[in-house]
Amino acid sequence: MTTGIAPDLARRLAKRRSRRKLWAHLPLALVALLTIFPFYVMVILSTQNGQAISLPGSLFPVHFNLSAYLAAIQGGDVMRWALNTLIYAGVSVVLVLTFASFAAYAFAKKRFFGKTVLFWTFIAMLMVPYQLTLIPQFILVAKLGGIDTYWGLIVPTLANAQALFLMRQFISQVPDELIDAGRIDGAGEFRTFVQIVLPQTKPILATLGVFVFLWHWNDFLWPLVETRSPDHYVMTVGLYSLEAQNISLAITMAAAVITFLPIFFLYLVLQRYFIRSVAITGLK
Amino acid sequence: MSERATHMPHGRETSLEAPGRRPLPSGGEGGEGGEGDKGGDAAVGVAAAGPRHPAITQAWQRMRRNGTGMALVFIAPYVVLFFVFRIGPAAAGMVLSFGSYSINGTTHWEGLSNFHALFTDPLFWTSLRVTVVYTIIAVPLTVVVSLGMALLCTRSIRGIKVYRALYFLPVITSLVTSSVIWQWIYSSNGPANWFFESIGLGAVPWLSSNSMVLPSLSLMSVWTRFGFDMLILLAGLLAIPKEYTEAAMIDGASAWQTFWRVTLPQLRPALFFVVVLELIQSFQVFDVIYVMTRGGPGDASYSLVYLIYDQGFNFFNFGYASAAGVVLFAITLVVSLWQRWVFRGDGT
């Protein structure tokens, strides 16, 4: 008797699903086009140096040339900014991961006085908006003579509470037996950490590395107040300065492409880490 | 471990314990191992004088056993950085909101005068209104679009992964880059107006009119944010057991009813998380405004964080800007506590 109900239901479900599948493509593709359009605009405008903009003609690659890129690289400081950004992001990734993983190991596996309070103090700082700390941070760095220097740019961004939190979560799952085994074999604290604990955290290191890199690559407010001379700008600040100076649209867009491309290629290669890093850290 | 190496933690510990202890009186819960550690701590002072003293050796042995000394070496760089560059400035920001700072480096106590100035300044109320209006438009718009896209993305159709990867592109793009592009899209001869004119609706003053600038910025924020929110909602949707929706359908529920009565209640935690995140993000809107409108036209997009920046770094009213920062903190805190409270009530 059950055969009467089941095929009917199955047919209803299947019908609903297949109809949905077809229709689902339409909005998905439409939104995909809308999502891509600004990127398309960026690229296409960067290839039309010296051309008057007229729509819709300018949206097609009729006057294709790469002279805007040449102008951006030769005339401006774009390559310098790219290098600065690479230093800002690259050095920060290495140092954040190092400091956070060391501290996270102690917080996860060691006992020390005031551990719980200290840890939750750090985590509670996630609730304090960065903008409140910005001004005293600026004054502090200024007093230390760090304005418009690499270290002044990098050092204040290294205390990353999210990195500590995620690393601690991960390291606390490393079995104690593994660590004890290392110790019994005569490894010192430092070797135990580097050779036994750290290899276990590779997935989270990669994810966090991507997160920190992306965050620094796109950071704007801190570099904006911290850097003074165009020689020390990062890409975001430099791109803004081009825009503010009314440099030709094509050159500005070429600089925008240069800002975007490294992240784009990184995203193509490490897509799953990008998605995971943004998903677990919760903030852009 | 060499003799030299074993000394290191001793020497460092004195300086390290201080930040660890500071939050204790207010926090109250000092950790269970407090008593034992204190013994070790007391011994440290004499450690340099005579490391061979049996009592000290004993204390060192105990610390070594539970790894206290080494733990302090491990946390040292992070703790120092965090106190100097995060907690210190945050506390200083709150103190500064009750004072004034002049360029020569002196600070004066001003009591509540910054807050008085802030609350009687029409510009502050403008910035608060701008921020609230932006939030009211941007957050629901972004969340609804994200939810819709998440629902569409649950379908197992060909190429869905490509779609998802594409939607994520704006999330990884810097807001400055996005702003530069969108400023052109919104410009009077830009593609947005070209499109509106060619379908016969006429040009829209996207960024140049007081009434349109916030909706325009909100619309752009949908583009920058939905890929991210969608991902979280999608994860939430995929976690709902299929049996739930199928059971509803067996009972004869329409797709619409299934969505409202089954899917949405199940999705509540993820949805709530996304809303809170968007609220906080929207309240801190800055990059986009700085690049695209500089608070204008007039002060129609003069947001709270833009006020902090403008007062702090254009006018060097550090005390006044810090007071605005404290207001931002208070708002963020209320949203965060609300989140805590809801999640506790939920049992999730």
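## Contacts and make-up of chain A

In chain A of this predicted model, residues 24 or more positions apart account for 71% of the contacts with a separation of 6 or more. Chain A has 14 helices and zero strands. Its pattern along the sequence is accordingly written α-α-α-α-α-α-α-α-α-α-α-α-α-α.

Of the 284 residues in chain A, 46% are buried. The radius of gyration of chain A is 25 Å, whereas a compact globule of 284 residues would have one near 19 Å. The C-alpha trace of chain A spans about 85 × 70 × 35 Å along its principal axes.

## Chain B

Chain B contains 17 helices and two strands. It has 348 residues, of which 42% count as buried. When contacts in chain B between residues at least 6 apart in sequence are considered, 67% of them join residues at least 24 apart.

## The interface between the chains

On the chain A side, 80 residues are in contact with chain B, and on the chain B side 88 residues are in contact with chain A. Helix 1 of chain A, residues 5-46, supplies 16 residues, the largest share of the chain A side. By class, that side of chain A has 57 nonpolar, 15 polar and eight charged residues.

A:V41 lies in helix 1 of chain A. Leaving out residues up to four places away in sequence, A:V41 touches B:I181, B:W184, B:I185 and B:P191. A:V41 counts as buried because 20 other C-beta atoms lie within 10 Å, and the cut-off for a buried residue is 20 or more. A:V41 is also 8.8 Å from A:M253, C-alpha to C-alpha, although the two are 212 residues apart in sequence.

## The nonpolar core

The largest nonpolar core has 174 residues, and those with the most contacts inside it are A:A100, A:A103, A:A254, B:Y78 and B:A324. Helix 5 of chain B, residues 68-96, gives the most to this core, with 16 residues.

For A:A254, the contacts beyond its neighbours within four places in sequence are with A:S46, A:A68, A:Y69 and A:A72.

## Helix 12 of chain A

Eight of the 10 residues of helix 12 of chain A are buried, so this helix is largely enclosed by the rest of the structure. The buried residues are A:M235, A:T236, A:V237, A:G238, A:L239, A:Y240, A:L242 and A:E243. Within chain A, they pack against helix 3 (78-109), helix 10 (202-218), helix 11 (221-226) and helix 13. In chain B, their partners are helix 10 (175-186) and helix 15 (287-292). A:N246, which follows helix 12 of chain A, has a positive phi, near 60°.

## Helix 12 against helix 13

The axes of helix 12 (residues 235-244) and helix 13 (residues 249-269) of chain A come within 9 Å and cross at roughly 170°. Angles over 145 degrees count as roughly antiparallel, so helix 12 of chain A is roughly antiparallel to helix 13 of chain A.

From helix 12 of chain A, the contact is made by A:M235, A:T236, A:G238, A:L239, A:L242 and A:E243. Helix 13 of chain A contributes A:I251, A:T252, A:A255, A:A256 and A:T259. The residues of this contact between helix 12 and helix 13 of chain A divide into six nonpolar, four polar and one charged.

Notes. Residues are numbered from 1 along each chain as its sequence is written. Chains are lettered from A and ligands numbered from 1 in the order in which they are written. This is a predicted model: local features need pLDDT of at least 70, side-chain atom pairs count only at pLDDT 80 or more; totals for chains, interfaces and linings use all residues. A nonpolar core is a set of buried Ala, Val, Leu, Ile, Met, Phe, Trp, Tyr and Cys residues joined through C-beta atoms within 7 Å. A residue is buried if 20 or more other C-beta atoms lie within 10 Å of its own, exposed if 12 or fewer, and partly exposed in between; C-beta atoms are placed from the backbone. Helices (H or I, at least four residues) and strands (E, at least two) are DSSP runs, numbered from the N terminus. Two residues are in contact if their C-beta atoms, placed from the backbone, lie within 7 Å. Ala, Val, Leu, Ile, Met, Phe, Trp, Tyr, Cys and Pro count as nonpolar, Asp, Glu, Lys and Arg as charged, and the others, Gly among them, as polar. Axes are lines fitted to C-alpha atoms, for helices over the stretch in contact, and angles run from 0 to 180 degrees between N-to-C directions. Angles under 35 degrees count as roughly parallel, over 145 as roughly antiparallel, 65 to 115 as roughly perpendicular and the rest as oblique. The radius of gyration is taken over C-alpha atoms; the globule rule is 2.2 Å times the number of residues to the power 0.38.
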